[in-house]
Amino acid sequence: MLEIGNVEKVFGQGTGAFRALTEISLEIRTNEFFTLLGPSGCGKTTLLRMIAGFEHPTSGMIKLDGEDIAAKPPFQRPVNTVFQNYALFPHMSVAGNIAFGLEMLGRPKGEVAATVGDMLRLVRMEELKDRKTSQISGGQQQRVALARALAPRPKVLLLDEPLSALDLKLRKEMQIELKRLQHETGITFVFVTHDQEEALTMSDRIAVMSAGHILQVGTPRQIYDHPANRFVANFIGDTNFLEGRIVSRGAGGARVELASKAMIEASLPDGATTADAVTLVVRPEHAWLVPGAGQGVLDGVIDNVVYLGTDTHVHLNVDGGAAFIVRRQNRRDSVEELAPGMRASLVIPDGLAQILRD
């Protein structure tokens, strides 16, 4: 549906020029929920605005359904955008807001009425159709903004952090709702966020961005379980890093000696470094702690035990100075035996540590 080829964006000229995007190339599929994920200032919103037509690339190509749209103004693109602030008309009703774009396009009254009805049912707001948008909640306003953007049936819907103003519980509910809407409409969604949980929850695929570059594109599971580099590993969820030295290699794996002289079997992804000195990534849920010393790959002292409801995070100060976090799912028999000040051993099953590519 969307093809972006070698797109660059430079703001300003001469010594004051700022390169916001560098050689961005992407293919976004039809009926895909695609997320641009990265920290503030990484270029994700600039890329979204170029797809919408609010910014134009300094160089490169943007094709929508096979047509080059890089030079087209926003109103000539079959694309709609949902902004962070929703941009609703407070003096209009819910139904009036949804109808507005269709009326501006000159659609027949009968078609407008039918489409508004369909959209109200889609976002489950039939009972509030006559209520002014200034009189409804933030979550309801977000639904109206979505319905208004979906009403003209765009080929692509762009979403610029639309959940950022919602409270935590409502944001989680709307994550599921957005995925439902995308599935039911069959429209390609391109979603911008800095929230890793949002990206993992909703996306078919994710592009992780940093400093105007795309570092990795993949499914949520690929991004989480097989990060391309240290930035991606550190940005997506909690991550532990261990330094070591490869002593032998095998099919898809390697035997690594840690600084403690303990040995660990680690996975070795395609394209991984050929150097002997390596960095291992271990997710907090892929390790566990055993009270006492000498029973795992590393020993240390428990610094803190943080209860988070569904799970508990145990912070270990490893002998030698490194910090390590272990996540344990809470059960009735969990973590009571671990407390700050206790010595414990860190156990990492074979294959659950991954060697970084760089």
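Author: The answer below begins with the aromatic rings and then turns to charges over rings and to a pair of helices.

The model is predicted, so local features need pLDDT of at least 70 and side-chain atom pairs count only at pLDDT 80 or more, while totals for chains, interfaces and linings use all residues. Residues are numbered from 1 along each chain as its sequence is written, and side-chain values use heavy atoms, with hydrogens and water left out.

Rings of Phe, Tyr and Trp (its six-membered ring) are paired if their centres lie within 6.5 Å; planes under 30 degrees apart count as stacked, over 60 as edge-to-face and the rest as tilted. One of these pairs joins F33 and F189: the ring centres are 5.6 Å apart and the planes stand at 50°, so the pair is tilted. This pair links distant parts of the chain, since F33 belongs to strand 3 (residues 33-37) and F189 to strand 8 (residues 188-193), 156 residues apart. Strands (E, at least two residues) and helices (H or I, at least four) are DSSP runs, numbered from the N terminus.

F33 also forms a tilted aromatic pair with F191, at 5.8 Å centre to centre and 45° between the planes. Because F33 lies in strand 3 and F191 in strand 8, this pair ties together parts that are 158 residues apart in sequence.

K9 lies over the face of F11, 5.0 Å from the ring centre, and the charged end of R230 sits over the ring of F241, 3.9 Å from its centre. A charge sits over a ring if NZ of Lys or CZ of Arg is within 6 Å of the ring centre and within 35 degrees of the ring normal.

Helix 2 (residues 94-104) and helix 3 (residues 109-122) pack at an angle of about 130°, with their axes 9 Å apart. Axes are lines fitted to C-alpha atoms, for helices over the stretch in contact, and angles run from 0 to 180 degrees between N-to-C directions. Contact, meaning heavy atoms within 4.5 Å, is made by residues including I98 and L102 of helix 2 and V116 and M119 of helix 3.
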